[in-house]
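Let us walk through a protein chain step by step. Keep the structure in view and find each residue as it is named.

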Amino acid sequence: MDINGIPAQSARTARFTLGLPTSFSLSPDGRRVLFLRSRGPEDRTSCLWLLDDDGEHLLIAPDELGADGPIPPAELIRRERTRQSGSGIVSYSSDNAMRTVVFALNGELWTLNLEDTKPKRVQTAGPVVDPRLDPSGRRVAYVTERSLRVVELADGNDQLLAVDESPEVGWGLAEHVASESMGRSRGHWWSPDGTSLLAARVDQTPVHRWWIADPANPSRPPREIAYPAAGTPNAFVSLHAFDLAGRSVEIEWDRAAYEYLVSADWDAHGPLLSVQSRDQRVLHVLAADPETGRTQLLHEQRDPAWVEIIGGTPARTAAGKLVHTADEGETRRLTIDGQPVTPEGLQVRTVLQVSGEAVLFEASDEPTECHLWLYDDTGLRRLSNGPGFHSGSRADGALLLTSNTEAGRSFVVRREGRPDQAITSLAAQPALTPRITWLKAGEREIRTALLLPSWYQPGERPLPVLMAPYAGPAMAIVLRVSGWWFVSAQWYAEAGFAVVIADGRGTPGRGPAWEKTVHHDTLTAPIEDQVTALHAAAEHCPDLDLTRVGIMGWSYGGTLAAAAVLRRPDVFHAAISGAGPSDQRLYDTHWRERFLGHPDAHPEDYDRSSPITDAAKLSRPLLLVHGLADDNVVPAHTLRFSAALLAAGRPHQVLPLSGAGHRPTDEATVAGLMHHQLQFFKDALK
């Protein structure tokens, strides 16, 4: 086994994701599936594929279209905010019948009729961003140069719907906090009949400006971004209904009290939206009249900490019943017209689909697993089996089930009375297989993964320990899945470490009470839980050497690692902090104020949740790593932290990554960084 090849393999395969099928669309009759996939495990160009009764068919390979030219800057920003990477077709849109597909490729608009499989380029008024085909398949809404337009596929007529003279105003795209922190990646929505549109207007005038420079290339001008840091003004966001005759009306709500547009949609009952107060303690679900713009309050949700946003909600059934969630004690429950329909202990994660009176959703009754569930007029039932993370979609008599388990990923279409039909994964198999022992640590049963070297023999020799958490509210990683982070952890284990990964308080999947433990203090409880997990792992495996413990993490995990070595040097003896948001006042409004409130009202909470406050306590080796092109957690976080350490006379190391964003992606940087981190811990922990 050549473990030295793992870092390079991980980089070449984009962490083993290239070649995985994604972005599925199931036809109404359940007989066809559209999806995206590259043509191999190291191919970064995403292609459009079709699965039907005859198997899989490559519909569109972007390099065969001859489309070239630079990707529009607005599209690059949208991809970054929605975590889309790679090249080729990164998203597409189809009509309700799944007869026609549209997509953008390097700013050009393309359409494909699935009956003739010959893509056609559509002339547009400018570079195309986020094209959306109307449900009837006749026209496409798209954004170009801050304006929202609609082009007719039949005759090519291209109509301007909305534009502002001010360069600070854009139409039809999500603003920063919507895509980064609310999960709303869209800014325009078709009506069911394809004759009207909802569109967001975003005015960036009040938002403070930051400039991201490339110090390795001083000849390049800095890039300006509108970044609403905690406590500063947000963009002004309004919502408008348009018809194709040019008439428009603004959707009315109290934007002074509810400045966040959390979600929007247009179903058979009309426009439906949810808005949230700046302190995020109140969320209103509103029904809107597209003729007058007036709204009606359908539901109000309040929480003394914050109202958690759940993907896919609010929604309405065919009968108009409101689909939402309610936090009741330690359980997040699915509600239909205000009535809970899921039991205590089943944590609803995401609503995937509302069809007729049926609701398809993801939920967990065990934090290391997530299953596909269905609620309809026959009751509640689980559609997936076995440990793992399961999701999917439904159509007439068909279920598309996507599963990620420890054994790998699978994608299968199940139809009544017919054999299952699999969709092929072309992703690479890691050259290293994770060896995971699953533990429940302490009284809180903190879900913990322990990885030991394949050559380890009990009692042979003590093993230094490497804690590798994320442990933040954005995601849980102690899941019974095949994840790149487990492959990476096993690579460190093969080098002689016992690796411990733990999801403590604040991570998703264990209910609202668990998540909201970190309100006003995002570090104290998570650090305590990492200590608990470490001791539980050592109790399970006495060869863990608790006198040599390192901790490393990225993003929130980087902040946690730095704070852990500062506050508990008796437990943690070295740390690597990657792209950690060290100065909490530099992160965006919606995400940071959710947990810490407004910095003017709660300055002590911001100080308590920052490792900078404890810089003078550093007594252990610390390596800070940051990409210099990071516009999510900007490099200023690490630079300010380093300055505080220097001012306190505390030696440390800083590793800048030239040209890298929030996570490095190029092979040389990824591989070099993993080897550098390994050597750092070998030196620090002897």
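Start with cysteine 370. This residue is buried, with a relative accessible area of 0%. Buried means under 20% relative accessible area, exposed means over 50%, and partly exposed lies in between, with a 1.4 Å probe and protein chains only. Cysteine 47 also counts as buried, at 0% relative accessibility. A disulfide is a covalent bond between the sulfur atoms of two cysteines. Here a disulfide is called when a pair of cysteine sulfur atoms lies within 2.5 Å. By this rule the count is zero disulfides.

A word on the source. This is a predicted model, in which local features need pLDDT of at least 70, side-chain atom pairs count only at pLDDT 80 or more, and totals for chains, interfaces and linings use all residues. Residues are numbered from 1 along each chain as its sequence is written, and side-chain values use heavy atoms, with hydrogens and water left out.

Now step back to the whole chain. It has eleven helices and 44 strands. Both are DSSP runs numbered from the N terminus: helices are H or I with at least four residues, strands are E with at least two. The radius of gyration of the chain is 25 Å, close to the 26 Å that the globule rule gives for 686 residues, so the chain is as compact as a globular protein of that length. That radius is taken over C-alpha atoms, and the globule rule is 2.2 Å times the number of residues to the power 0.38. The C-alpha trace spans about 75 × 60 × 55 Å along its principal axes.

What share of the 686 residues is buried? Buried residues make up 59% of them. The accessible surface of the chain is about 27,000 Å², and 49% of it belongs to carbon and sulfur atoms. Such areas come from the Shrake-Rupley method with a 1.4 Å probe; for residues, only the protein chains shown count as cover. Contacts tell another part of the story. A contact means heavy atoms within 4.5 Å. Of the contacts in the chain with a separation of 6 or more, 59% are between residues 24 or more positions apart.

Next, look at the sheets. Two strands pair if DSSP finds at least two bridges between them. Strand E7 (residues 100-105) and strand E8 (residues 108-113) run antiparallel and are joined by six bridges. Within this pair, valine 102 has threonine 111 in E8 as its bridge partner.

Another open sheet runs E29-E30-E31-E32, and its pairing is antiparallel. Its edges are strand E29 (347-355) and strand E32 (379-382), each with a single partner strand, so one side of each is left without a neighbour in the sheet. From one strand to the next, the twist averages 25 degrees. The axes behind such angles are lines fitted to C-alpha atoms, for helices over the stretch in contact, and angles run from 0 to 180 degrees between N-to-C directions. E29 pairs with strand E30 (residues 358-364) in the antiparallel sense over seven bridges. There, glutamine 347 stands opposite serine 364 in E30.

Further along, strand E34 (residues 398-405) and strand E35 (residues 408-415) run antiparallel, joined by eight bridges. A hairpin of two residues links E34 to E35. Leucine 399 faces arginine 414 in E35. E35 also pairs with strand E36 (residues 421-422), antiparallel, over two bridges. The hairpin of E35 and E36 has five residues between the strands, and in it glycine 417 takes a positive phi near 75 degrees.

Turn to the helices. Ten of the eleven residues of helix H4 (residues 484-494) are buried, so H4 is largely enclosed by the rest of the structure. Among them are Trp485, Phe486 and Trp491. Just after H4, glycine 496 takes a positive phi of about 120 degrees. Helix H6 (residues 524-540) holds glutamine 530, which counts as buried at 1% relative accessibility.

Finish in a loop. Arginine 255 lies between strand E20 (248-250) and strand E21 (260-267). Is arginine 255 buried or partly exposed? At 32% relative accessibility, arginine 255 counts as partly exposed.
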